[in-house]
Structure formats: structure tokens, C-alpha cells
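Dear colleague,

Please find below the structure that I am handing over to you. My notes on what was found in it follow directly after.

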Amino acid sequence: MVSRKRTDTAINTLRMIPTKWAIVLVALLIGYVLLQPRLNQWLGWNLPSVASLVGDEKPTTKKEPKPTKEVVSKEKASEKVTGNVTENTSDKKTSDKKSEIAQASTTKTANRTNDPVPKDSAPKDSRPKDAAEDKIHGILKDLGRNRFESPEGLVYGPGSEEGHRLKHIERHLEDQPSRPGPHGVFDGDMKAFLVAIDRAFAMANKGAKGSSKKEDDGAVVYEATFEKPIGFLGGTDGKRRKNPALKKMRVVVRGKSVITAFPVQ
Amino acid sequence: MTSPLIYVESCPVCGDGLCRIRICVTNQRLTGLVLCDECETMWTDPSMQERIAPSSSETEPKCPTCNQSLWGDQSHWASIGEVCLLGWFDRVRIAKV
């Protein structure tokens with residue numbers, strides 16, 4: 001009833017306006033009727049149909065699937081599970097994503113393991129052995145006997161006062177403000193430090209600009225300059241000089257074994 | 001409690017380490033030498049004129065007297081008393097860390 005009254009009102013209004021304007025309005029109306037669904041479809045708009053404007057039909061609301069939230073919540077859940085894939089399988093829409101998410105969470109978990117290698121034992125991890133992240137600090141390959149190889153072939157093994165070279169170089173992830181003299185501090189985590197050491201080693205081997213390679217009684221001292229600061233000067237020298245930024249990395253290697261590595265001025 | 005850190009100077013080889021007095025005790029015989037705590041370069045005494053060259057295959061510094069690792073249980077950083085016993089007290093610096 002209401003819609004009939006509205007239609008009559010519209011016709012009466014059209015009769016009141018000049019013919020040429022009425023034709024234009026009708027043409028526009030027809031154009032709208034034809035284009036409205038397609039525009040909604042193509043451009044993702046939510047234009048109301050003529051019928052809904054007249055009152056015969058409720059305006060359509062665009063119903064988009066909500067996988068994002070569900071996936072995010074699943075991701076969070078799987079993160080909490082830390083790599084355990086035995087989660088709820090009731091949701092069919094997200095079930096296809098599960099393996100992907102589980103894999104991602106395993107990766108995240110593996111990447112988070114920045115713990116240094118224990119002094120007297122190889123790391124006992126529960127991570128999947130076939131995963132690419134079955135590596136120490138994400139990049140070191142286990143050679144056995146507590147020795148680990150970097151992608152550039154540098155070996156980190158037992159030795160030093162700390163018991164393991166990885167433990168030794170870890171000293172350079174933090175400042176020791178009361179240590180006499182300079183103490184190069186790397187600005188990043190262990191994984192980034194190992195990557196930077198590898199890069200410095202490769203740069204010095206290639207003779208890159210700002211790099212050097214010097215032999216010293218069986219040890220080789222590699223140095224490479226990075227484009228951006230990689231750390232800062234710590235120790236009492238650093239404290240006195242207000243911890244200037246450092247761009248250079250020095251790596252001391254004997255054979256293939258890393259003795260030490262640290263940022264230097 | 002802070003412990004004294006006894007050292008001769010900053011390492012001229014690596015530039016970051018401290019050349020410290022390392023003691024090795026084998027069969028009640030005490031051997032003292034200077035060892036960089038960073039790059040493990042060794043000298044016979046605090047004058048740092050004479051280096052102790054490790055063999056090319058060694059990745060650990062070894063005592064020139066007993067040939068055992070200087071990171072072994074028989075070895076430690078020198079105390080002030082041991083530095084005095086070696087007659088090197090005047091040639092070291094002491095820092096509290």
C-alpha cells in the first residue's frame with residue numbers, strides 16, 4: 001500500500017515538471033537501474049537498488065567473508081601452542097590454512113630460540129628435524145661435537161674462557177661499561193650478529209671497499225665496513241666518548257674456526 | 001662484590017681484548033704468561049716483546065710448559081698474589097669490574 005502511494009506521488013511529480021526534464025530524469029533512472037548491480041559488483045560499492053529506494057526491498061549489505069579475523073585468531077592460538085598442530089579442526093573454511101599457520105608458528109618459535117649454546121653440550125631441541133629452521137640461531141648448521149657451521153663456512157666450536165665460541169661472541173651483544181678500554185657492542189640479536197659476521201667475512205674475502213684481511217701468527221683478522229652503523233663503542237673508552245656508533249666488524253679466524261668477532265672503530 | 005681485573009694493556013692485535021695474566025699450574029709448577037681475553041694471542045711476559053706462536057691447527061691457546069689448554073681446569077686468571085709471585089706487579093694495571 002505504502003509503495004503504491006509512493007509510485008503515484010512520483011508520477012504526479014513527473015507530470016508537474018517540463019517534458020524534456022522528465023525524459024532526462026527517466027533516462028537517468030533507467031541508467032541507474034541497469035548500472036547499479038554492476039557498479040556494486042565491479043567497484044565493491046553498496047548502491048541501493050531502485051526497488052529498495054521505493055521501499056519494496058531492503059537495501060543489500062555487502063557480506064564479505066570474515067576469514068581474516070578467524071585466521072588471525074587461529075594464528076594466535078597456534079602461536080600459543082608453539083608448533084603443535086593438534087588444534088580444533090571444526091572450522092572448514094580455515095582448515096586449509098592450518099598447515100600453513102602451524103608451519104609459520106613453528107618458524108616463529110624456531111626463530112625465537114636465541115639462547116646461546118650451552119657450554120658442554122650440543123643443543124637438545126625438540127624442533128622438527130626436517131624443517132629448515134633445524135639450525136642453531138636460524139643459520140648455523142650442526143656439524144656434531146658441538147661445532148656449528150655458518151653459510152660462509154665459518155665454524156663456531158668449543159673454546160674460549162666461556163667454553164664455546166658462540167658464548168664468547170655473545171659478550172658483544174651487551175655493553176660492559178666498567179671494562180677497561182674499548183668494547184665493541186653489536187646492536188641486534190645473536191642471529192643478526194652471526195649474519196653480520198658472515199657478511200663481513202665474505203666482504204673481506206672479496207676485497208670489498210673498506211675491508212681488509214691480515215694474517216697474524218696463524219690467525220687471520222678480517223675487517224669489513226658496513227654502510228650503516230652495526231653497533232657502538234662500549235667499555236670505559238666508549239663511556240668516555242659517549243658510545244659512538246661503529247660501522248666496522250672485525251673477525252678473528254684460525255683455520256675456519258672463529259676465535260672472536262666484534263664491532264670496532 | 002667486584003673482583004679486580006688485572007691486565008697489562010689493550011690488545012695490540014685485536015684492539016678489543018685485554019692482555020691479562022694467565023696462570024697454568026701443572027705438577028705444582030706455576031707458569032705465567034700474557035693472554036688476550038678476546039683473540040687469545042699470547043706473550044711470554046708483560047713486556048709483550050715475545051709472542052708465543054700457536055700451531056696452525058690449534059684453535060685453543062695452550063700452555064707452553066705442559067701443552068694443555070689454557071681454558072682447562074688447571075688454568076686461571078692470575079690473582080694479585082700470583083702476579084707478585086711472578087714479579088710482574090709493577091707492570092700490570094688493576095681495574096674493578
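I begin with helix α8 of chain A, which has 17 residues and spans 24 Å from its first C-alpha to its last, close to the 24 Å expected at 1.5 Å a residue. Please keep in mind throughout that this is a predicted model.

An α-helix has 3.6 residues a turn, so residues three or four places apart point the same way. After the helix comes G207(A), with a positive phi near 75 degrees.

In soluble globular proteins, nonpolar side chains tend to be buried together. Which residues does I197(A) contact, leaving aside its neighbours within four places in sequence? They are L154(A), M249(A), V251(A) and A261(A).

Strand β9(A) deserves a description of its own. Seven of its seven residues are buried, and both of its faces are covered. On one side are K248(A), R250(A), V252(A) and R254(A), and on the other M249(A), V251(A) and V253(A). Strands β6(A) and β9(A) pair in the antiparallel sense over seven bridges, with V220(A) having V253(A) as its bridge partner. Strand β9(A) is also joined to β10(A), again antiparallel, by seven bridges; here R250(A) is partnered by F262(A). The hairpin of β9(A) and β10(A) has two residues between the strands, and G255(A) takes a positive phi near 70 degrees in it.

Chain A also contains an open sheet of three strands in the order β4-β7-β8, with antiparallel pairing. Strands β4 (183-186) and β8 (245-246) stand at its edges with a single partner strand each, so one side of each is left without a neighbour in the sheet. Four bridges link β4(A) to strand β7 (residues 231-234) of chain A, and F232(A) in β7(A) is the bridge partner of V185(A).

I turn now to chain B. Its secondary structure consists of one helix and seven strands, which run β-β-β-β-β-β-α-β from the N terminus. Of its 97 residues, 35% count as buried. Among contacts in chain B between residues at least 6 apart in sequence, 50% join residues at least 24 apart. L85(B) belongs to helix α1 (residues 80-86) of chain B and counts as partly exposed, with 14 C-beta neighbours inside 10 Å.

Most residues other than glycine have a negative phi. Q28(B), however, has a positive phi near 60 degrees; this residue lies in the loop between β2 (18-26) and β3 (29-36) of chain B. Q28(B) is exposed, with 5 other C-beta atoms within 10 Å. N67(B) likewise has a positive phi, near 65 degrees, and is found in the loop between β5 (51-52) and β6 (75-77) of chain B. N67(B) counts as exposed, with 10 C-beta neighbours inside 10 Å.

As to how the chains meet, 21 residues of chain B are in contact with 25 residues of chain A. Strand β1 (residues 4-10) of chain B gives the most to the side of chain B that touches chain A, with three residues. That side of chain B divides into eleven nonpolar, four polar and six charged residues.

Finally, a word on confidence. The model scores ipTM 0.91 and pTM 0.63. Chain B has a mean pLDDT of 92, with 96% of its residues at 70 or more. Chain A averages 73, and 60% of its residues score at least 70. Over residues 57-131 of chain A, pLDDT stays under 50, and the model has 68 contacts beyond four places in sequence for them. Where pLDDT is low, the predicted coordinates should not be read in detail.

With kind regards

Definitions and conventions:
Residues numbered from 1 in each chain as written. Chains lettered and ligands numbered in written order. Predicted model: local features only at pLDDT ≥ 70, side-chain atom pairs only at ≥ 80, totals over all residues. Buried ≥ 20, exposed ≤ 12 C-beta atoms within 10 Å, placed from the backbone. Contact = placed C-beta atoms within 7 Å. Nonpolar A, V, L, I, M, F, W, Y, C, P; charged D, E, K, R; others polar. Pairing = 2+ DSSP bridges. Expected span 1.5 Å × (residues − 1). pLDDT = per-residue confidence, 0-100.
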